[in-house]
Amino acid sequence: MTTSVVPMTAAPPVGRSRRKFSSYPFKARVGAIIVGLFVFLAIFGPYMAPFDPSATKDTQAYPIGPNLTHLLGTTSIGGDVLSQMLVGIRATVFVGLTAGVIATFLSVIVGVSSGFLGGASDEGLSLLTNAVLVLPALPLLVVILGYLPSASNLVTAFVLSVLGWPWGARVIRAQTLSLRRRDFVAAARETGESTWRIIISEIIPNEVSLIAASFVGTVLYAILTSVALTFLGLGDLSNWSLGSMLYWSQNGNAITLGAWWWYLPPGLAVAFLGMGLVLLNFGLDELGNPRLRDAAGQRKIAGHAWRPADPTPVVRDGEPLRRGLVARLVERIVHLNKKGPSTSAEHSDIVASTKGDVDE
Amino acid sequence: MKFITRRLATYAFAAWIAITVNFFIPRLIPGNAAEAMMAKFHSLQPAALHAIEVEFGIGHQGSLFHQYIQYIDNIFHGNLGISTNFYPATVTSVLKQTLPWTLILVGTATVISFALGTILGILAAWRRGGKLDQLLPALTFLQAVPYFFLALIAVEVFAVHWHVFPIGQGYSLGLAPGWTWGFIQSAFYHSILPALTLIVTSMAGWMLQMRNVMITTIGEDYVLAAQAKGLSNRRVVWTYAARNAILPNIAGFAISLGFVVAGALVMEFVFSYPGVGYTLYNAVTSDDFPLMQGIFLVISMTVLVANLLADVVYLIADPRTRRGSES
């Protein structure tokens, strides 16, 4: 190993590659839990649904509010809202993930080859990326789906991903450009590695956090757009999804009937899923850019409020140390000195971050 | 002027993609406007199909290349075909009626939301961890809520329950559109709620981006130097830090315009607003293909022009681009 190998943002130092979940930024953890819950519901939800979501009752002429049989009430034709939700989350998550995977795949291919190959292929691919980026996606989607006789979830996901890749491609291209000029890539080239091997084993591993962020962003875009399209009646209305639930509730005048249990749950579910994804993305952002982290903590050090541009805070003796990254660090080091050398992971972390080398 | 020529090339290419996609979609997918018209008016004889095709200019005569050239020629003459829905009105005349509604409402809302979001982002970054900054989680939530859902709830609360604003439409039904005081008043009153929902949902994005860039900028040495010189906080924030931190926001304006248009489309559907988006929705549900395509083309071109304007602003704001040293 040479010292000139400096990973850009993603790859953490070797000793920390297996981080504890609790050591990730708070936002990322909350986001991961929310998204994880939805993925769980997407897999097992349909088996947990107490009723057939499409079942109707002839005798029922109006929506019934939440009660013990129907925990989230019923629609105006007697469908169980909770069951529709549990079944419908799968389709919504499916569209989001499928579009996310295809679009991210496209962005990585276009972004990396554009940034790494340079020259005419870079000019051409950048032109394509920027051009698709400025085209308004939703009107185009509306036109395409309007022409298609029937839009299944898979078709919707596919069309969404064809229009959703340029944003990620741009970010990945910029990162590849900066990576290409680094010493370790030059070293790999000198040892005679092929272009594709360099791209796959040198470039892409250093862009993992960026690719992850662009994946999460694309999933969010795909979910919000597909729900909106289905709500407009242009998506797959023959299957239950959060979007089609909203479409049918709008169609059944849920709002004018005051049937909040009909339209609020699917809408809030989309909002929570979306928020989970946004938080996850913030967390990934903060992993890459530590300045954004611990906003509240940095402001108050030793009980004194500091502006970001204020001179470095100095801790006076005897003052209570509260919160704050620096404050916590100082506190722990003091604690460490009192107790003497310790083997717990927490302490070795501090040693690692202060002295810059890891033994354990 | 490498910067501007490069951008112009991008827009020209984007316009070409839009036109070409528009040309090929109807030819790749079975069914056309004439058949839709036949389906709508059952009394028409099968032999009339050809006549209708000629009338709408969609009979696929000649080679594909010839049709393509013809199509582009028509576009440059403002000839977008005839709407099957508003027959015999041309697509261009339908657009002339609906475009101003969207442009005025969405344009104003976008500018307000951009300005407000940017200013709030600057303040949130400066008073980091302060009250404004603590609002961020709530704003995150707003950003994740599907726009139409928020708009539906706004209609429910403000229009159905409290009767503060009208439920929808662009103006009171009894009025005839025109430049009369009563009509303008009514149109303004009807636009408040749609505009507010657009501003509230899109502002969060501007604010978050501005805050994050601003935090990085505030950490720069030149900002510290400005403070050390004893300049007032206000001067440091606005003329030193914000002046530079705003650049990514202006650049991001172009990218997010697509989302603004998307929000506007759905907004018009929720509020039955007489703009381009609602017309597009109606065109899709009634298989009015020429109108659908015409609207897509006009929306694309409007977005491209708005992008160009954003570039000019960027050119003014960032002297580096003027020197032609694009890094």
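This is a predicted model: local features need pLDDT of at least 70, side-chain atom pairs count only at pLDDT 80 or more; totals for chains, interfaces and linings use all residues.
The secondary structure of chain A consists of 14 helices and two strands. Chain B has 14 helices and zero strands, so its elements read, from the N terminus on, α-α-α-α-α-α-α-α-α-α-α-α-α-α. Chain A has 360 residues, of which 42% are buried. In chain B, 41% of the 327 residues count as buried.

Contacts within each chain can be sorted by how far apart the two residues are in sequence. For chain A, take the contacts with a separation of 6 or more: 70% of them are between residues 24 or more positions apart. For chain B, among contacts between residues at least 6 apart, 71% join residues at least 24 apart.

Two packed helices are described by the angle between their axes and the distance between the axes.

| Helix pair | Crossing angle | Axis distance | Handedness |
|---|---|---|---|
| H1(A) and H2(A) | about 140° | 7 Å | left-handed |
| H3(A) and H6(A) | roughly 140° | within 9 Å | left-handed |
| H2(A) and H6(A) | roughly 35° | within 7 Å | right-handed |

Helix H1 of chain A covers residues 26–48, and helix H2 of chain A covers residues 81–117. Their axes pack at an angle of about 140°, and H1(A) and H2(A) are therefore oblique to each other. On the H1(A) side, the residues that meet H2(A) are Phe38(A), Val39(A), Leu41(A), Ala42(A), Gly45(A), Pro46(A) and Met48(A). Their partners in H2(A) are Leu86(A), Val87(A), Ile89(A), Arg90(A), Val93(A) and Phe94(A).

H2(A) also packs against H6(A), with the axes crossing at roughly 35°. The residues of H2(A) that take part include Ala103(A), Thr104(A), Ser107(A) and Val108(A). From H6(A), the residues that meet H2(A) include Gly168(A), Ile172(A), Thr176(A) and Leu177(A).

Helix H3 of chain A (residues 119–134) and helix H6 of chain A (residues 166–180) cross at roughly 140°. That angle makes H3(A) oblique to H6(A). Ser126(A), Thr129(A), Val132(A) and Leu133(A) in H3(A) face a set of H6(A) residues that they meet: Pro166(A), Trp167(A), Ala169(A), Arg170(A) and Arg173(A). Ala169(A) and Arg173(A) are also among the H6(A) residues that meet H2(A).

## Where the chains touch

The contact between the chains takes 41 residues from chain A and 52 residues from chain B. On the side of chain A that touches chain B, at least two residues each come from H3, helix H4 (137–147), helix H9 (208–231), helix H11 (260–288) and helix H12 (295–299) of chain A. H4(A) gives the most to that side, with nine residues.

H3 of chain A also has a part in covering a helix of chain B. Helix H1 of chain B (residues 2–28) has 27 residues and reaches 38 Å from its first C-alpha to its last, close to the 39 Å expected at 1.5 Å a residue. Its buried residues are Arg7(B), Thr10(B), Ala14(B), Ala18(B) and Asn22(B). What covers the buried residues of H1(B) includes H3 of chain A together with helix H13 (289–317) of chain B.

Helix H5 of chain B (residues 91–126) has 36 residues. From first C-alpha to last, H5(B) reaches 50 Å, close to the 52 Å expected at 1.5 Å a residue. H5(B) bends by about 35° at Thr98(B), and a proline, Pro100(B), follows within four residues.

Gly205(B) lies in helix H9 of chain B, residues 181–218. This glycine is buried, because 21 other C-beta atoms lie within 10 Å and the cut-off for a buried residue is 20 or more. Leaving aside neighbours within four places in sequence, Gly205(B) is in contact with Gln143(B) and Ser256(B). Gly277(B) is 72 residues from Gly205(B) along the chain, and their C-alpha atoms are separated by 22 Å.

Ser272(B) is found in the loop between helix H11 (233–271) and helix H12 (276–285) of chain B. Its phi is near 50°, a positive value in a residue other than glycine. Ser272(B) is exposed, because it has 12 other C-beta atoms within 10 Å and a residue with 12 or fewer counts as exposed.

Key
Residues are numbered from 1 along each chain as its sequence is written. Chains are lettered from A and ligands numbered from 1 in the order in which they are written. The expected span of a helix is 1.5 Å times one less than its number of residues. The bend at a residue is the angle between axes fitted to the seven residues ending there and the seven starting there. Two residues are in contact if their C-beta atoms, placed from the backbone, lie within 7 Å. Axes are lines fitted to C-alpha atoms, for helices over the stretch in contact, and angles run from 0 to 180 degrees between N-to-C directions. Angles under 35 degrees count as roughly parallel, over 145 as roughly antiparallel, 65 to 115 as roughly perpendicular and the rest as oblique. A crossing is left-handed if the near helix is turned anticlockwise from the far one by less than a right angle, and right-handed if clockwise.
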